[in-house]
Amino acid sequence: MEIDVLGPPYERHTIDLGRDDEGDVVATLVRRRADGPTRRAVLYVHGFVDYFFQTHLADFFVERGWDFYALDLRKYGRSLLPHQTPNFARSLTDYFPELDEAARIIRTQDGHDQLLVAGHSTGGLITSLWAHTRQGRGIVDGLFLNSPFFDFNVPWLVKRPLLAATIAATRRMPYRKIPMASVGLYGQSLHSEHRGEWNYDLTWKPVFGFPVTAGWLDAIRRGQQRLRAGLGIDVPVMVACSTRTFRGRAWHDDLRVSDSVLDVEHIVRWAPRLGARVTIARFDGGMHDLTLSGKEVRVEVFRELARWSDAFLPPVGTPEVEVPPAPEDA
């Protein structure tokens, strides 16, 4: 581990992932230790056009006695190399090797017994698919999904026939750029140099995003289809999102109190397909990244997350709940 760009107490470790058709590939695991020894850890995975910078999220977990880790996936943030196409992937399974290695480091190398995985947006879709394929191995103990990317926020005609036709026509050109609606309004609502309150690296998370490629679009579409067919995640899952979706094309203050990236009704619709133990929590006034919402909403998000994690992921060794005998047994 070396000192991260965030400075102490954040450390980072570069994960060597070999080479692909663009050259060398790496991922980056960021770590912040709790003040005292702990066997509990959380692994955070960012969304599209994103990287880990939400130090207040780390504060929340560290203060509750969890070691905090964040993974900048290949071709994102700290892991983006000069020769690479930003955020590109041919399949969401491309990210499984760095997730596997991060989990190995957290559990085996750093000695944690309990692992909560927190995924935002695209990271929520990726970690859901990964947790499903790793079920029964004792790797993941719980999932917290912050506005997961379960469906495209476009009309049915665009989402199904037109999107399928576009992908089919460009399948042999995975790096071809596909025109998509700009995420500039969302970016403006976040960054302090525009209309937001947060400061982060605009090289890694530009206000107007990175171009969407045909290969990435196909990877997302296939991942969403797999999820909507039904997964078998065998650990508790909390799915959180806003109560409102923003539909406008020009700036409006509603951008600060709604999800301007995804349709929140899609999230609620598909969440039960994750597994048997899914909790859905909705927050009025929440933005796409709930942890970047206004202060009052953030407080409520963290309170609900604390209640859920206390109930579903108590420390190892916590006594089981005493269940009264059935009347016939008594």
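A: Buried means under 20% relative accessible area, exposed means over 50%, and partly exposed lies in between (1.4 Å probe, protein chains only). This is a predicted model, where local features need pLDDT of at least 70, side-chain atom pairs count only at pLDDT 80 or more, and totals for chains, interfaces and linings use all residues. Residues are numbered from 1 along each chain as its sequence is written, and side-chain values use heavy atoms, with hydrogens and water left out.

Q: What makes K75 and D20 a salt bridge?
A: The rule asks for a side-chain nitrogen of Lys or Arg within 4 Å of a carboxyl oxygen of Asp or Glu. The side chains of K75 and D20 meet at 2.8 Å, N to O. K75 sits in the loop between strand 5 and helix 2 (96–109), D20 in strand 2, and the two are 55 residues apart. Helices (H or I, at least four residues) and strands (E, at least two) are DSSP runs, numbered from the N terminus.

Q: Why is D20 classed as it is?
A: D20 has a relative accessible area of 28%, so D20 is partly exposed.

Q: What makes E2 and R12 a salt bridge, and where do they lie?
A: Their side chains meet at 3.2 Å, N to O. E2 is in strand 1 (residues 2–3) and R12 in strand 2 (residues 11–20), ten residues apart. E2 is at 42% relative accessibility, so E2 counts as partly exposed. R12, at 23%, is partly exposed too.

Q: What makes R33 and D110 a salt bridge?
A: The N to O distance is 4.0 Å, and the rule says within 4 Å. R33 lies in the loop between strand 3 and strand 4, and D110 in the loop between helix 2 and strand 6, so the pair ties together parts 77 residues apart in sequence. D110 counts as buried at 16% relative accessibility, while R33 counts as partly exposed at 35%. Shared partners join E11, R31, R33, D67 and D110 into one salt-bridge network. By this rule the count of salt bridges is 28.

Q: Why is strand 4 described as largely enclosed?
A: Six of the six residues of strand 4 (residues 40–45) are buried, so the rest of the structure largely encloses this strand. R40, V42 and Y44 point one way, and A41, L43 and V45 the other way. In a regular strand the side chains alternate between the two faces of the sheet.

Q: How do you know that strand 4 pairs with strand 6 and strand 5?
A: Pairing needs at least two DSSP bridges between two strands. Strand 4 and strand 6 (residues 114–120) have six bridges, in the parallel sense. V42 has L116 as its bridge partner in strand 6. Five bridges join strand 4 to strand 5 (residues 67–72), also parallel. There, the bridge partner of Y44 is A70. The chain crosses from strand 4 through helix 1 (residues 55–63) to strand 5, and this β-α-β crossover is right-handed; that is, with the strands pointing away from the viewer, the path from the first strand over the helix to the second runs clockwise.

Q: Which residues of helix 1 are buried?
A: They are H56, L57, A58, F60, F61 and V62. Their cover includes strand 3 (23–32), strand 4, strand 5, strand 6 and helix 8 (295–312), by contact (heavy atoms within 4.5 Å).

Q: What makes F52 and F68 a tilted pair?
A: Rings of Phe, Tyr and Trp (its six-membered ring) pair if their centres lie within 6.5 Å; planes under 30 degrees apart count as stacked, over 60 as edge-to-face and the rest as tilted. F52 and F68 are 5.2 Å centre to centre, with 40 degrees between the planes. Both F52 and F68 are buried.

Q: Why is the pair of F60 and F302 called stacked?
A: Their ring centres are 4.8 Å apart and their planes at 25 degrees, so the pair is stacked. F60 is in helix 1 and F302 in helix 8, 242 residues apart. Ring pairs link Y10, Y44, F52, F60, F61, W66, F68 and F302 into a cluster.
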